[in-house]
Amino acid sequence: MRVLTDPAVTKISGFDLERIRKDFPVLSETAYGKPLVYLDNAATTQKPRSVIEALNEYYSGYNANIHRGVHYLSQKAGEAYDRVRVLVKDFIHAASEREIIFTRGTTESINLVAATFGRKYISAGDEIIISGMEHHSNIVPWQLLCEEKGAVLKVIPVLDNGELDLASFQKLIGDKTCLVSVVHTSNTLGTVNPVKEIIRIAHSRKIKVLVDAAQAMIHSTIDVQDLDCDFLAFSGHKMLGPTGTGVLYGKAGILEKLPPYQGGGEMIESVSFDKTTFADIPVRFEAGTPSIADVIGMGSAIGYLSTMDRKAAGMHEKFLLKEATAALEEIPGVRIIGNSPGKASVVSFVVDGLNALDIGMYLDTRGIAVRTGHHCTEPLMNRFGIPGTVRASFLFYNTGEEVRQLTESLKMAIQLLTKK
Ligand code: PMP
């Protein structure tokens, strides 16, 4: 396979795409006998060998339940698990590891905030602001909460190019607003929202902000202290780690005041039938046996990301996006949905008169994995008046040649499907 990189990236940093691709075993797999072209990275990223090995080492070398175990294995597992909290803290530049809660993913992190912050601080008539480009996991928990509490959900509109309408946000925010919960990087449009500005505006009115960073972690460097967000939610599996892992970051001063999330083992200080007292943060929010191996695997993913030249990786992703956008724009009938400046390497498109699913299925026969449909952003699809898109999401390990295969195969798909 011809590996095409932006010559500028290779020159600047020695970004070695062929070596990087070798770190990801799945990338040398085939689909229907054809080399796999994996362009579904926004759904989940592939895992480097170091992450796979971390899981294997845990299960074959020191599988044990953590915390409170006096024995060697338990302590070894516990130490490995606890080390990841420090890794995550450093990765997002949190002030303390007490601010890092392990969850099953972004979805659970957001639900955790809805169940604790929501239970404590939201009452009838209060308003929660989200945006029109949210993933369902940053819509439905708030709808459920609003229904339960009699609160009201307000939505920041999306402009035609896929940017948020900040002027409308300024008008929506008011005395009744209790929380703003917005996505950092849209999984459907690739839009990178001005979250720092949104946080500044909300904080000027003492309103807390949750940032959904599910797509952001792999493409951007996130510094929670610089952003000044109150909560940040993300998933391990979208940043090279195992599924079933995620993080909720919350400012310690806020977390300390929140009630527990789920009840059970680990999250308590002492239990009696008269009264139970709860553990300190973050363990107060982590009832039950966690996904130990997977958290350790997530630590390994952070290790991988920390040793790579992320600036060069970002430049390469921009190159892939530019190539894909230019090639798609030349194909008659193709319309890209979302072209905000500075967007992440995600390209969503529709083709006149054709169904996204049919296109996805044709591309699949060529070994090309894209995603089709509403991408769990149905309200956003309604906003654009379309049932769904074809979405190709690129990561630093994709190649210019893969972009070429996507666009050439798309041309063939259009020819074939239009004939019918
Ligand atoms: N938010 C965004 C922007 C996402 O892209 C996703 C996953 N597609 C989620 C939230 C939910 O993440 P998870 O399924 O890992 O909980």
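This is a predicted model: local features need pLDDT of at least 70, side-chain atom pairs count only at pLDDT 80 or more; totals for chains, interfaces and linings use all residues.
Let me start with how a helix axis is drawn: it is a line fitted to C-alpha atoms over the stretch in contact, and the angle between two axes is taken between their N-to-C directions, from 0 to 180 degrees. One caution before we use that.

Take α5, residues 106-121, and α6, residues 140-149. Their axes come within 9 Å and cross at roughly 20 degrees. Angles under 35 degrees count as roughly parallel, so α5 is roughly parallel to α6. The crossing of these two helices is right-handed.

Stay on α5 for a moment.

Which residues of α5 are buried? Here is the list: T106, E108, S109, I110, L112, V113, A114, T116, F117 and G118. Note that the list includes E108, along with T106, S109 and T116.

Next, two helix pairs that share α16, residues 400-419. Start with α13, residues 310-329. The α13 and α16 axes are 10 Å apart, and the packing angle is about 20 degrees. That makes α13 roughly parallel to α16. α13 passes α16 in a right-handed crossing.

Then α14, residues 356-365. Its axis and that of α16 come within 9 Å. The crossing angle here is roughly 120 degrees. α14 and α16 are therefore oblique to each other. This crossing is right-handed.

On to the aromatics. How many aromatic pairs does a search of the whole structure find? Nine. I will take two of them.

Pair one is F24 with Y304. The ring centres are 5.5 Å apart and the planes stand at 80 degrees, so this pair is edge-to-face. The cut-off behind that is over 60 degrees. Where do the partners sit? F24 is in the loop between α2, 17-22, and β1, 30-31. Y304 is in helix α12, residues 292-307. So the pair ties together parts that are 280 residues apart in sequence. Is this pair buried or exposed? F24 has a relative accessible area of 0%, so it is buried. Y304 counts as buried too, at 12% relative accessibility.

Pair two is Y58 with Y59. Their ring centres lie 5.0 Å apart, with planes at 70 degrees, so Y58 and Y59 are also edge-to-face. Buried or exposed? Y58 is buried, with a relative accessible area of 2%. Y59 counts as exposed, at 54%.

The charged end of R383 sits over the ring of F384. It is 4.8 Å from the ring centre.

While we have α12 on screen, look at I302. This residue is also in helix α12. I302 is buried, with a relative accessible area of 1%. G236 is 66 residues away from I302 along the chain, and their C-alpha atoms are separated by 9.1 Å.

First spot, P282. The peptide bond from I281 to P282 is cis, with omega near 0 degrees. P282 is in the loop between β12, 276-278, and α12.

Where is H93? In the loop between α4, 72-92, and β4, 100-103. Relative accessibility is 40%, so H93 counts as partly exposed.

H375 lies in the loop between β16, 371-373, and α15, 378-384. H375 is buried, with a relative accessible area of 7%.

To close, two things to look at on your own screens. Then find the cis bond from I281 to P282.

Definitions and conventions:
Residues are numbered from 1 along each chain as its sequence is written. Side-chain values use heavy atoms; hydrogens and water are left out. Rings of Phe, Tyr and Trp (its six-membered ring) pair if their centres lie within 6.5 Å; planes under 30 degrees apart count as stacked, over 60 as edge-to-face and the rest as tilted. Helices (H or I, at least four residues) and strands (E, at least two) are DSSP runs, numbered from the N terminus. Buried means under 20% relative accessible area, exposed over 50%, partly exposed in between (1.4 Å probe, protein chains only). A charge sits over a ring if NZ of Lys or CZ of Arg is within 6 Å of the ring centre and within 35 degrees of the ring normal. Angles under 35 degrees count as roughly parallel, over 145 as roughly antiparallel, 65 to 115 as roughly perpendicular and the rest as oblique. A crossing is left-handed if the near helix is turned anticlockwise from the far one by less than a right angle, and right-handed if clockwise.
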